[in-house]
Each structure stands twice: as structure tokens, then as C-alpha cells.
Amino acid sequence: METILQTIDLRKTYFPGTAQAVEALRGINLSFEKGRYYAIVGKSGCGKSTLLHLLGALDRPTGGQVLCAGEDVFSRSRRELARFRRKQIGFVFQSYNLLQEHTALENILMPLHLDGREADEEYLHQALELLDIEGLVKKFPSQLSGGEQQRVAIARALAAKPAIVLADEPTGNLDPNTSQQTLALLKDTVARLGQTLILVTHDMDVAAQAQEQIRIHQGEIVEITRRD
Ligand SMILES: Nc1ncnc2c1ncn2[C@@H]1O[C@H](COP(=O)(O)OP(=O)(O)OP(=O)(O)O)[C@@H](O)[C@H]1O
Ligand SMILES: [Mg+2]
């Protein structure tokens, strides 16, 4: 197996103004293999989102390293880091974060266009088909249901063919049925496209479908369960 992402003694302490410092991550050592599906679980406030943000270089650690294909992600310049993020990482958030004044397709292509790149048409077509949103691409977010908006947000995360897809409770706003369908689509799509999926979830049934479950407690890994 090929390690795509690795953390070494990763730490994050927040210093919120005058309030007391918060040690959100206290030395995380993890290895993520190419093409596998990981679920991150644990109580509210244990550090799941913080970990995901560091893995995707949305925020900087206060200690330790994130290695992508063996290279220290945070040794890059700010500009290189932004480019790395757009090329290698796809994000899906709980709130879909779609730009309201742009159509679904414009939203989906935004990360590519920011880098002056064009979509791989065949790949994009495949992703839209898998997510069943080909017929919606000309609509604006306000004309779409929550589930449809989330599928558009997933397509946006996948558009740049990222090696790694990070999802933070991506179906937290959807009803159980739609949530299940959307997650099944996300899981199948990344599997078909050979991407690594790291998903934060509160839902134990969802977590049980992952190949690896990582449990965090107060900023530390307390359990890793492998299914195969
Ligand atoms: N920007 C911030 N400034 C200060 N403290 C923060 C900040 N972001 C998170 N924290 C704190 O760090 C800890 C971890 O937060 P984090 O958002 O990673 O938790 P989480 O596991 O994602 O929780 P949830 O399941 O509720 O989303 C919490 O104690 C939180 O209050
Ligand atoms: Mg969170």
C-alpha cells in the first residue's frame, strides 16, 4: 500500500485572545493509504475538525508535521500551499458553501478556474453522472434542495481530481434517507475514482462502513479499528 498522507506528532493549540489556551490536538500520529476510506469519530470538541483542517492545510499546526507523499506540507510558501490545497485536496463541509450568484456548474469548476485550469471533461462527466446531477448544473443553489446542493458541493470537491477528499460531517444537514444516499454516492464515487476519503462523522452506522475508524478523545487517538 502507498501512504499518501501522514502526520507526525501533530499538535494544535489555540490561543483565543485572553481566554485560556486550548490544546485541541496533542500529538497525532496517523498514516493514510491511497484509495482507502477512513472515518474519524469522537465526542464534540475532541479535535476532529481541527485535524481535518490541518490535513487539508486550511490551518497551520503549532507542532509536528503533515507529510503528503513524503513531503512536509507546511514547508511550502503560502502561495505554494494554496496551490497544493486546490490540486490535491477536495473539501466537503457540513454547510455546502456554494456561491449563490453562480450556477451549480460554475461552483463546481471554481477551484479549477482559480488555478487557470480546465476540467478533464471525461472525468467530470463521470463524476456528475455518478452523483446524478447532470441535469442540475445550470441551476443556481437557491433552486436546489439541500441534498442536491450537497451533491454539487461534492462534485466541486472532486472536480480538480484531488488525491484526497476531506469531508466534515457532510450530511449533517440532511434527512436520514438523503444523508444515506448522499454518503453512498460519495463513497462509491471516490472508490471508482481511486481517491482517499477521510470523513468526520457522528453517525456510528456511517463510520462502520469505513475501512478504518479512527477515534479521538481530548485531542489524542484512542482507538483505530480496521475492517479489512
Ligand atoms: N478557532 C478556535 N479558537 C479557539 N478554540 C478553538 C478553535 N477551534 C476549535 N477550538 C477548540 O478546540 C477543540 C477542538 O475543536 P474541534 O472543532 O476540532 O472539535 P470537533 O471534534 O470537530 O467537534 P464537533 O464534533 O462539535 O464539530 C474544542 O475545545 C474547541 O472549543
Ligand atoms: Mg467539528
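Author: The discussion below sets values against definitions, and the model concerned is a predicted one.

Reader: How do you know that the size of the protein agrees with that of a compact globule?

Author: The protein has 228 residues, and a compact globule of that length would have a radius of gyration near 17 Å; the protein has 17 Å, so the two agree. Its C-alpha atoms fill a box of roughly 45 × 45 × 40 Å along the principal axes. Within the protein there are seven helices and 10 strands.

Reader: Why are helix 5 and helix 6 called roughly parallel?

Author: Helix 5, residues 146-159, and helix 6, residues 176-192, pack at an angle of about 15°, with their axes 10 Å apart. Angles under 35 degrees count as roughly parallel, and helix 5 and helix 6 are therefore described in that way. The crossing of helix 5 past helix 6 is right-handed.

Reader: Which residues make the contact between helix 5 and helix 6?

Author: Helix 5 contributes Gly-147, Gln-150, Arg-151, Ile-154 and Leu-158, while helix 6 contributes Thr-178, Thr-182, Leu-185, Leu-186 and Thr-189. By class, the contact of helix 5 with helix 6 has four nonpolar, five polar and one charged residues.

Reader: What makes helix 3 roughly parallel to helix 5?

Author: The axes of helix 3, residues 104-114, and helix 5 cross at roughly 25° and come within 7 Å. The cut-off is again under 35 degrees, so helix 3 counts as roughly parallel to helix 5. Helix 3 also passes helix 5 in a right-handed crossing. On the side of helix 3 the contact includes Ile-108, Leu-109 and Met-110, and on the side of helix 5 it includes Val-152, Ala-155 and Arg-156. This contact of helix 3 with helix 5 divides into nine nonpolar residues, one polar and one charged.

Reader: What surrounds ligand 1?

Author: Among the residues around ligand 1 are Tyr-14, Pro-16, Val-22, Gly-45, Lys-48, Ser-49 and Thr-50. Strand 2 (22-33) and helix 1 (48-55) each supply at least two residues of this shell.

Reader: Which element gives the largest share of the shell around ligand 1, and how do the residues of the shell divide by class?

Author: Helix 1 gives the largest share, three residues. The shell around ligand 1 has five nonpolar, six polar and one charged residues.

How values were computed:
Residues are numbered from 1 along each chain as its sequence is written. Chains are lettered from A and ligands numbered from 1 in the order in which they are written. This is a predicted model: local features need pLDDT of at least 70, side-chain atom pairs count only at pLDDT 80 or more; totals for chains, interfaces and linings use all residues. Axes are lines fitted to C-alpha atoms, for helices over the stretch in contact, and angles run from 0 to 180 degrees between N-to-C directions. Helices (H or I, at least four residues) and strands (E, at least two) are DSSP runs, numbered from the N terminus. Angles under 35 degrees count as roughly parallel, over 145 as roughly antiparallel, 65 to 115 as roughly perpendicular and the rest as oblique. A crossing is left-handed if the near helix is turned anticlockwise from the far one by less than a right angle, and right-handed if clockwise. Two residues are in contact if their C-beta atoms, placed from the backbone, lie within 7 Å. Ala, Val, Leu, Ile, Met, Phe, Trp, Tyr, Cys and Pro count as nonpolar, Asp, Glu, Lys and Arg as charged, and the others, Gly among them, as polar. A residue is near a molecule or strand if its C-beta atom, placed from the backbone, lies within 6 Å of it. The radius of gyration is taken over C-alpha atoms; the globule rule is 2.2 Å times the number of residues to the power 0.38.
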